[in-house]
Amino acid sequence: MAKDQIFDNTEIAFALKSDSELERAYFLFKMISIEPLVKIGTAATNFALKAHLPVEGLIRSTVFDHFCGGVSENDCLPVIDKMYEKGVSSVLDYSVEGKENEEEFDRAFNMTLKIIEFAKEKEAMPIAVFKPTGFGRLEIYEKVSSGKHLSDSEQKEWLKVQQRYDLVSKAAKDNDVMLLIDSEETWMQKAADDLVTEMMEKYNTEKPIVFNTLPMYRRDRLDYLKDQHKLAKNIGYYLGYKLVRGAYLEKENERAEEMGYPTPMCSSKQATDNNYNGAVRYMIENIDDMSIFIGSHNEESSYLAIELMANLGLRNKDKRIWFGQLYGMSDHISYNLANKEYNVAKYVPFGPVKDVMPYLIRRAEENTSVAGQTSRELSLLKKEKKRRKI
Ligand SMILES: Cc1cc2nc3c(=O)[nH]c(=O)nc-3n(C[C@H](O)[C@H](O)[C@H](O)COP(=O)(O)OP(=O)(O)OC[C@H]3O[C@@H](n4cnc5c(N)ncnc54)[C@H](O)[C@@H]3O)c2cc1C
């Protein structure tokens, strides 16, 4: 079946949306496609939240409800159940960012454990996730990554980070729940990567449970994947990787320029695409040794994966291959793939409104900068409005 025939069915894509939700989504994408509006809106929202102005209600009824499942994990239950009726699983994502103290790290750690427990009971939630800076300060990852000497108190702090990784990975294995670990900025990532590799070696002995993330806008990640494959094969454990293109392109390029080192980013969108698709190909061709989570809103990459699966005679619902999108984005990929029995999971972010603002701002900016993607969302929503004669 051709790509457009698979992803263009808007009746399947938006079956869960009421007419008014469809209208709201259309309005929202229309707004965030206007770059100056996003810039002004972001600044005004940040200011209003800092000044304790009563804007939470407005944020909730617009961007928040579109991109998030709720303020607590229990709030998300109706969303999880509704999506699962259409075969789409959920990855509950505690999206509180920018917290910098041990109490907050323990809170994120306990939340991850709670979600793993929750997931054990719920078929619709086969996967849990956390992000490295949820479990420790960015500066401590940065220092460990650079190989600099840690003071006594820093050593203790790092030990706590290591323990948090180990305990959630063990819980994931004990409860048979896949655990994804997000990727962040390159300058702190080596410490997290080494730690996740250790977790894979320890807990992926029978099957892939712990997954690292490969941001393929990095020039070096395809070689890294191949090196990690050799290592895992030699030692005897399974690899798990979520593939993404990467969310920090501008920040990475700006820092490299400011500090005068060659950017670790690919030199063009095409180069990132080639790298991403190369990794999809490599992983599916070596699927007996690993499991892949294709975290993308890109139709070509998703289509490439299903073509490769068909060519290799893999079943659509092969447990080792997952497709993932973010809640509120690219429903045409998620629901049309699920309709054909592929494994699909959507990240469902949740948390207090003001704490998930950095996440929401990234989504707004991403949809502004990825002009093609937004116009795609808009044209599909328009098509469905027309079909429903709204
Ligand atoms: C389920 C899921 C999980 C995610 N987890 C993470 C995560 O852990 N860490 C993270 O960083 N992001 C994560 N993301 C966000 C992800 O990185 C962005 O959604 C993604 O970059 C958008 O790319 P795309 O694959 O949808 O395709 P597209 O929209 O086709 O690609 C856009 C991306 O291409 C790259 N790009 C654009 N222009 C250029 C250029 N000039 N040069 C080089 N590269 C360019 C950038 O990465 C840009 O974001 C996740 C996304 C999903 C769906």
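The questions and answers below concern salt bridges in this predicted model.

Residues are numbered from 1 along each chain as its sequence is written. Local features need pLDDT of at least 70 and side-chain atom pairs count only at pLDDT 80 or more, while totals for chains, interfaces and linings use all residues; side-chain values use heavy atoms, with hydrogens and water left out.

Me: How many salt bridges does a search of the whole structure find?
Reply: A salt bridge here is a side-chain nitrogen of Lys or Arg within 4 Å of a carboxyl oxygen of Asp or Glu. With that criterion, the search of the whole structure gives a count of 37.

Me: How far apart in sequence are the parts that Lys122 and Asp81 tie together?
Reply: Lys122 and Asp81 form a salt bridge with closest N and O atoms 2.8 Å apart. Lys122 lies in the loop between helix H7 (102–121) and strand S2 (127–130), and Asp81 in helix H6 (residues 77–85), so the parts tied together are separated in sequence by 41 residues. Helices (H or I, at least four residues) and strands (E, at least two) are DSSP runs, numbered from the N terminus.

Me: Is Arg164 buried or exposed?
Reply: Buried means under 20% relative accessible area, exposed over 50%, and partly exposed in between (1.4 Å probe, protein chains only). Arg164 has 2% relative accessibility, so Arg164 counts as buried.

Me: Which residue forms a salt bridge with Arg164?
Reply: The closest N and O atoms of the pair are 3.1 Å apart. The partner is partly exposed at 25% relative accessibility, and its place is helix H7, whereas Arg164 lies in helix H10 (residues 152–175). The partner is Asp106.
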